Amino acid sequence: MKSGVTLNGNGIGATVIYCDNPSSNFATQNIINCNGISDIVISNFLIDGGWGSLSKMHAASNKYREYEKGVYLSGCSNAVIHDLKMQYSMGDFIFCKKNTSNVQVYNTVCKPGHDSFDAWSAGDGITIFNNCWGTFINSCIKIHNTKNVQIYRNTFYTDTGSGNAGVEVMGGEVTGLNIYDNTFATLQLNTIYHDSADGACSGRGTVSNNIFYNSPGYYGISGMDIASTGNIVTSSYSSSSGTKDNGYVADNGTRNLPVYNGSVVPSVTFPAKGSTISTVNGYVSISWTYLNATSYFINVYNSTSQFDSSHLIYSLNTSQTSVNVPISYTGSFAIKIGAHDDVHNSWVYNSPVSLFTVSGKKSATVYPGAYGYLTDSTTGQPVQSAVIKISNNTWSLTQITDVDGLYQFTVNSGKGTYCLTASATGYLNSPELPVNMTGTNTEMNLKMVKAPDYLEPHYVKLYVCTDSNEKVPGCEVQIYTPNNDLDNEKPNFCAWTNNDGRANFHLTQGVTYKIVTITLDGQKYTSTLTPDLNQYTITIPPSGDASEIPSEDTSAIPPMQTVISTNCTYKMINNTAAYINASYYDSSSQSSNLNFVLGTMSDGKTFVPSGISGTNDNVSNPIGVVTDSFIVTNYSGKTYTVKITAQSQTYGAVCKTVNVSFPDSNEPYVGSTYMGSFCVLILILAGIILSKTRKAH
């Protein structure tokens, strides 16, 4: 791997990295090797060690078997690993060492030959959530000399073999270790465990609201100050019928979710339930989501109440999450999706079935070609590296969008009916769209909708600073939810700030939290926060004053208008085109990640991006006055809005909208005539002056 790379497969059932000779010394290699790099994403495929079964794997005599790593990170930063599965592999699933920091791991499944996750002197900032990991001979997670490790909403289990522990602490300073809302199921030896043979531990952390089902309880970690609250030890807990190794804790406190990704059953994403749609060239595109499966089946019925063979019009087994169903007539239909739950070797189904109605038909004829831009439906920003496909019943062509979201197709035959589809990581797949050709080259711009956000981390970064903007490391930050017991108040979340003065928390938007900040010398400061942004700053006095900070006002901040200013002007080019110029200025020079987006206001309330790019849309470190220019056409009488957003160290995320209105005029634009006459006058004067100058010489 190299810095800045996204390694993304087509899904666990579709893309496999496979070792076809596992007994060789290849097992000393790291399957995905990341060394000294940053800003990477690894997702959506299966790593198969090639042994075929756990029993064969552990009977093998390969002396290198424990050194094979699925994903190996050494000296790395800002790594995201999600939607992976590893099976029949001797070594560790994910291994972090040498100050690897800011790593997120979620939505993964594995039961490796060694450990699922190792953090070995890995710096700080490790977050592990929504994973389902099993043990055979070792532990699901091992932590050694690594700070600020968050472990929540995972399932750790054993069904064969013994395993050592769900979470094993192996010595060193592990300040900021927080283990909460996990299920430890049928672990035979330990749940959370310290192996004293690996050295002494130090630091503070929490173990809270975990379920220890049919497993030993938590008995503390020698050398660590651990706050243990709300844990349940039970031998009768069962998360769902017929399962013993699963059970996530949802954000609302529910403790019986039957699959690891928060989705109880497959859900149809298109068509929307109860919608009325048209067929496109005699087909209806159907797509669904469910992450914990490698195989699916889909049945489509021409009835909304009877789901038997006499009403079954389409049936398919597939490893994909979308199909094109041949439907060429009007009527009401029902979709039934089955997904094979690979963790529990069982089938689950969408319930109730999803209903839709077909009314009308659409077709498209393609001539020489098509092109267009793919953008985010909310932000209007280009969607890069998306897969665009144009096809008919016998032919198809695929392209990848560039940095501007641009795709281009040429159809040499210029005949036939075609449809256009788009898919991109983090977005819902688009339905099939007709390409209505009007000439030699047809423009068709596409917009994509973000995928449901339950798959994404919801972090709020809290920075603790002094009123002179100095970062304060080592502060304890306690978060209290509104439903906390006032008579016996204990923090719901707790973390310690790193060297940047930062602590990360998984908070819910719109909920008002109480925040208590405790400095190294024991001073306490209290504030409240209702998060609707992803970053906030808590300002505390440099020393001495332990008075409470007022709610929602963590410091004496100067008025925003005296620090940050924005403006918007325009200049007409000709009758049909004009420039819109927007500017941003931060006199404190503390802004970053500046964005300009051109759009309009719908009903005076909702900002709608226009999809028009400017000359300077994104600026990472704005200095001085920063401007962006957009070219608009047919502007007469229109009002445009420029949405300007930036990240301010003082205010957090700043967002301003600036309007510019063009006059409504039917008079021909004469700016070029005036300019031409003016230029002629200048040339005449210049000629006279030049003539006199030559005579003088």
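Predicted model: local features only at pLDDT ≥ 70, side-chain atom pairs only at ≥ 80, totals over all residues.
Leaving aside its neighbours within four places in sequence, which residues is isoleucine 141 in contact with?

Isoleucine 141 is in contact with Phe117, Ile128, Trp133, Ile151, Phe156, Gly166, Val167 and Glu168, once the neighbours within four places in sequence are set aside. Ile141 is also one of the residues with the most contacts inside the largest nonpolar core, together with Leu73, Phe117 and Trp133. That core has 47 residues. Another core lies apart from it and has 24 residues, including Leu462, Val464, Val477 and Ala503. As general background, nonpolar side chains tend to be buried together in soluble globular proteins.

Ile573, Tyr579 and Ile631 make a nonpolar surface patch of about 250 Å². Of these, tyrosine 579 belongs to strand β49, residues 577-586. Its relative accessibility is 35%, so tyrosine 579 counts as partly exposed.

Let me turn to a sheet. Four strands form an open sheet, in the order β35-β34-β37-β38, with antiparallel pairing. At its edges are β35 (396-400) and β38 (433-434), each of which pairs on one side only. Strand β37, residues 419-423, is joined to β38 by 2 bridges, and the two run antiparallel. Within this region, cysteine 419 stands opposite proline 434 of β38.

Next, the backbone. Asparagine 44 counts as buried because its relative accessibility is 18%, and the cut-off for buried is under 20%. Asparagine 148 likewise has a positive phi, near 55°, and is a residue other than glycine. Asparagine 148 is placed in strand β12, residues 139-152. With a relative accessible area of 10%, asparagine 148 is buried.

A further backbone feature is the peptide bond from serine 351 to proline 352, which is cis, with omega near 0°. Proline 352 sits in the loop between β31 (346-349) and β32 (354-362).

Finally, I would draw your attention to threonine 539, found in strand β47, residues 535-540. Threonine 539 has a relative accessible area of 11% and is therefore buried. In sequence, threonine 539 and serine 468 are 71 residues apart, while in space their C-alpha atoms are 8.9 Å apart.

Methods:
Residues numbered from 1 in each chain as written. Heavy atoms only, no water. Pairing = 2+ DSSP bridges. Core = buried A, V, L, I, M, F, W, Y, C linked by side-chain atoms within 4.5 Å. Buried < 20%, exposed > 50% of the residue type's maximum accessible area, 1.4 Å probe, protein only. Contact = heavy atoms within 4.5 Å. Patch = residues over 30% accessible without salt bridge, like charges linked within 9 Å, V, L, I, M, F, W, Y side chains within 5 Å. Areas by Shrake-Rupley, 256 points an atom, 1.4 Å probe, with all protein chains shown as cover. Salt bridge = Lys/Arg side-chain N within 4 Å of Asp/Glu carboxyl O.
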